[in-house]
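Dear colleague,

Please find below the structure that I am handing over to you. My notes on what was found in it follow directly after.

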Amino acid sequence: MRLNAAVWVSGLVTIAVIVFTYLIMTGERGLSRSSAPMRVLDITRLSDERVQRLGWSPDKLTTVFDHVATLSTDSFVIVTNNEVVGAFGDLSKPYATHSMRKSFLSALVSQHLGKEQGYINLDATLQELEIDDTPSPLTPLQKKATVLNLLRSVSGINHPAAASGGLQADINKRLGHSENKPGTVWAYNNWDYNALTTIFEDSTGLGIATAFKEGIAKPTGMKDFDVSAVSYVVDTDISMHKAAAFRMSARDLVKFGRLFLNNGRVNDRQILPASWVDRATKDYTVTGMSGLRWAHGYLWWVPGPETDLPEGSFWAWGLGNQALFVVPAWDTVIVHQSDSTEFLKRFLPMIEAGGHEGEKALEKLILSCRDSDNSKSEYCIEHRFITRREFNTLISLIVQAHT
């Protein structure tokens, strides 16, 4: 029997969140992979002279791509001063972006700010917007949370949410099971982002897909995005609010990143409010995690000082280390994508039929590719799950390559 496509996508995204949370909270217990290159990459690069003029070391950039060759990366590109310094993969092929969706939602909200009807008032409370939930309703205190609280992930609402998966353990730890005063406690909480999706669509009268296409994709000149790239994850048994998932190509992600790099402008047109980038890089909350996830604000991650990324850098992140880095100090956008389809085809049955918990299933798949009998299989070379340690190494090598 064939699964309905929408149900299959919904299931994959839900499981993806489980893996995503494990990746954040545990770092895969230190699991990694041999650093020996396993693939031959067809790399596009500028001349060494031009690379140096743009602030990069040609030799150290080679080291970056040598490391990429050991991963299951499908597309990777570094763009400085709007020039492709180096790239690998089909930059026109869309992949699931997973939790990067939240940064797209943030941008959409910024385009529709206002206090009049048809716009989004950041100071409006859930009570004023008539936002509730079923089957479990919000309390009067929870309804005092504002739109701004949702954007800053400080609503304090511990409530079931579609696509939350393994997030719940960390949410429980941070928020507990009693009420929290809105604005006082940070938690990476899908309920906030799903409710924000409802608020956006109810307030503006626009669907997420149409709003993104007309408000961002067209003005920035994205070539591969269409409304069909957006799908919803719905779980009405626990919440009325849905998650909007995106597929996007690397070259379109570069366009999105450059929009933020240019303070919301495309040529002479202001697409996003000029102040919106400052909100992500200045009005953030320290998460209690180190490294690349040191802080979080307006649905973007802010790396910590120990990463040596320049102050003012920020990034979007999703399952499989889908990543979009915006580094204003370098005039640079970096995109990394790894197709999660084959990984999820193995992971999902282990959860549903095999009875494995998310952490154990992920650990088993990671370890399987360290086994000599499997290490040279197509899956382990081309499709395996990229670990947190491997991804952190990639970013560290990129930092070292910038002169």
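**Salt bridges**

Arginine 251 counts as partly exposed, at 33% relative accessibility. Please bear in mind that the model is a predicted one. The side chain of arginine 251 meets that of aspartate 224 in a salt bridge, with 2.7 Å from N to O. Arginine 251 belongs to helix H9 (residues 250-261), whereas aspartate 224 sits in the loop between helix H8 (208-220) and strand S5 (230-233), so the contact ties together parts that are 27 residues apart in sequence. Aspartate 224 is likewise partly exposed, its relative accessible area being 22%.

The search of the whole structure returned 14 salt bridges. Among them is one that links distant parts of the chain: arginine 39 lies in the loop between helix H1 (5-26) and strand S1 (43-45), and glutamate 382 lies in helix H13 (residues 378-383), 343 residues apart. The N to O distance between the side chains of arginine 39 and glutamate 382 is 3.7 Å; a salt bridge is counted within 4 Å. Are the two partners buried or exposed? Arginine 39 counts as buried, with a relative accessibility of 11%, while glutamate 382 counts as partly exposed, at 31%.

Another salt bridge lies within a helix. Glutamate 49 pairs with arginine 53, and their closest N and O atoms are 2.8 Å apart. Because the two residues are 4 apart in helix H2 (residues 48-53), about one helical turn separates glutamate 49 from arginine 53. Glutamate 49 has a relative accessible area of 49% and is partly exposed. Arginine 53, at 61%, is exposed. The boundary between these two classes is 50%, so glutamate 49 and arginine 53 receive separate labels.

Salt bridges with shared partners also join Glu342, Lys345 and Arg346 into one network.

**The disulfide**

How many disulfides does the structure hold? It holds 1, which joins cysteine 369 to cysteine 380 with an S to S distance of 2.1 Å. Cysteine 369 is in the loop between helix H12 (358-368) and H13, and cysteine 380 is in helix H13, so the pair ties together parts that are 11 residues apart in sequence. The torsion about the S-S bond is about -85 degrees, and the disulfide is therefore left-handed. Both cysteines count as buried: cysteine 369 has a relative accessibility of 4%, and cysteine 380 has one of 2%.

**Helix H7**

Helix H7 (residues 190-204) is made up of 15 residues. From its first C-alpha to its last, H7 reaches 21 Å, close to the 21 Å expected at 1.5 Å a residue. Of the 15 residues of H7, 14 are buried, and the helix is mostly covered.

Following H7 comes glycine 205, with a positive phi near 75 degrees.

With kind regards

Definitions and conventions
Residues are numbered from 1 along each chain as its sequence is written. This is a predicted model: local features need pLDDT of at least 70, side-chain atom pairs count only at pLDDT 80 or more; totals for chains, interfaces and linings use all residues. Side-chain values use heavy atoms; hydrogens and water are left out. Buried means under 20% relative accessible area, exposed over 50%, partly exposed in between (1.4 Å probe, protein chains only). A disulfide is a pair of cysteine sulfur atoms within 2.5 Å. The expected span of a helix is 1.5 Å times one less than its number of residues.
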